[in-house]
Amino acid sequence: MSATPKPKMTLPSFREAVNIWIKVALHSFGGPAGQIAVMHRFLVEEKKWLGENRFLHALNYCMLLPGPEAQQLATYIGWLLHGRKGGIVAGTLFVLPGFLSILLLSVLYALWKDVAVVEGIFYGIKPAVLAIVVGAVIKIGKKALKNEVMIAIAIFAFIAIFFFEVAFPVIIISAAFIGFIGGKISEEKFYVIKGHKTANSTQEGLIDTLITTASPNLFQSLKTAAFWLLLWFIPIILLTVFLGVENIFTKESLFFSQAAVVTFGGAYSVLAYISQKAVETFGWLQPGEMLDGLGMAETTPGPLIQVVQFVGFMGAFRNPGMLDPVMAGVLASFLVTWVTFIPCFLFIFLGAPYIEHLRNNKNLSTALSSITAAVVGVILNLGIWFSVNAIFKTVEERSFYGMRLLVPDLSSMDAGVAGITIAACVAYFGFKLDMLKTIGLCIVLGLLVKFLIL
């Protein structure tokens, strides 16, 4: 009796990849932690298209970049699978559901923000996101914190950003330096994210086995940079020439292009900067509206930095010129999204070939291992910040020996949000409901609370 031959290993077709990227995009709730966890589940655990180490190696590079790391990770993996075409499709599909959702919500907000149904939907979605983010932090932490050194780095990163408000780039650079030096002193403790194959590895995927990336080429890199820089800057130049620097569309294209290259650490890190400029300098938003926009981004699929689309919409809606206000807002949404995400494609297509070429470099791998651990602490900080501000209506920031402390007013606790949060945790962790079902349940509970209790 002859042995059954093993099925031939083949990479997924482009059509199959597109279907998975659509699935990833529709499930990408909960901010970067939740979105990265979704990609890990679909691409590493279920499809086994790439192994754990390859996934974390790509993630670490994206963490170093300004902009939304989850969208950049999708672009990176799409590029690994099907080249530039795959990267463009993966990155675009990742943004598209969130773009359409926030566009619709922005219109509803601008025209009917005081409608009870809209309030109820937002009221219920936020607790669901809390549960999803907690689950994502736990899952990613288990994957990345493989020894006491990595745990210590995560703890110190959390303390630095949560209590001392150390800038995200400083934390990342410090972690990379610690990993680089530590790898030379005790390689086994720091060489956690391995970029190379090992004889007994059980964590390889199809990409690891079947794909060999070409060495980076300087001429090709220059062509790539020129192409994406032109896509980025041509709309800005045309707007400046034909409409002038004082036009709302020109102002938004310039401002959000600048924001796109300083958003290290994701949407939260740039939230205060954009909010201050949008409210105090430009007058695009009223005080407090930035948090409403962040709520939209938190509760729709896609990157949190998509909150800039809401800011752009409201700015043009209130300064439409000769256009209909809603039409001006829609055009601004497209423009702001363009100048925010075109740089992401530039960073990936320009840098990924070099990162892949250095994948076997142990010095790079030890540095990236430490960065991964530090990022766990940073994401934990974001989760706690969001949880405290969601459950309590009043949260004070106090200083204690140079440390920042978040002190919620216990009497301001929103019992409805707290109760729905508990229900979301029971549904998500206890009954193992997926993200979309958990969010749907919480929307129903939010509407019931708004209409029957409050």
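Partly exposed covers relative accessible areas between the buried limit, under 20%, and the exposed limit, over 50%. The views below come from a predicted model.

**View 1. Lys251 pairs with Glu246 in a salt bridge.** Lys251 has a relative accessibility of 27%, so Lys251 counts as partly exposed. The N to O distance between the two side chains is 3.4 Å.

**View 2. Glu165, Glu397 and Arg404 form one network.** Salt bridges with shared partners join these residues. The structure holds eight salt bridges.

**View 3. Arg54 and Glu356 meet in a salt bridge.** The N to O distance is 2.8 Å. Arg54 belongs to helix H3 (residues 52-64), and Glu356 belongs to helix H15 (residues 325-357). The two residues are 302 residues apart in sequence, so their contact ties together separate parts of the chain. Arg54 and Glu356 are both buried.

**View 4. A salt bridge joins the side chains of Glu148 and Lys189.** Here the N to O distance is 2.6 Å. The pair links distant parts of the chain, 41 residues apart. Glu148 sits in helix H6 (residues 148-163), while Lys189 sits in helix H8 (residues 187-190). Glu148 has a relative accessible area of 48%, so Glu148 is partly exposed. Lys189 is also partly exposed, because its relative accessibility is 26%.

How values were computed:
Residues are numbered from 1 along each chain as its sequence is written. This is a predicted model: local features need pLDDT of at least 70, side-chain atom pairs count only at pLDDT 80 or more; totals for chains, interfaces and linings use all residues. Side-chain values use heavy atoms; hydrogens and water are left out. A salt bridge is a side-chain nitrogen of Lys or Arg within 4 Å of a carboxyl oxygen of Asp or Glu. Helices (H or I, at least four residues) and strands (E, at least two) are DSSP runs, numbered from the N terminus. Buried means under 20% relative accessible area, exposed over 50%, partly exposed in between (1.4 Å probe, protein chains only).
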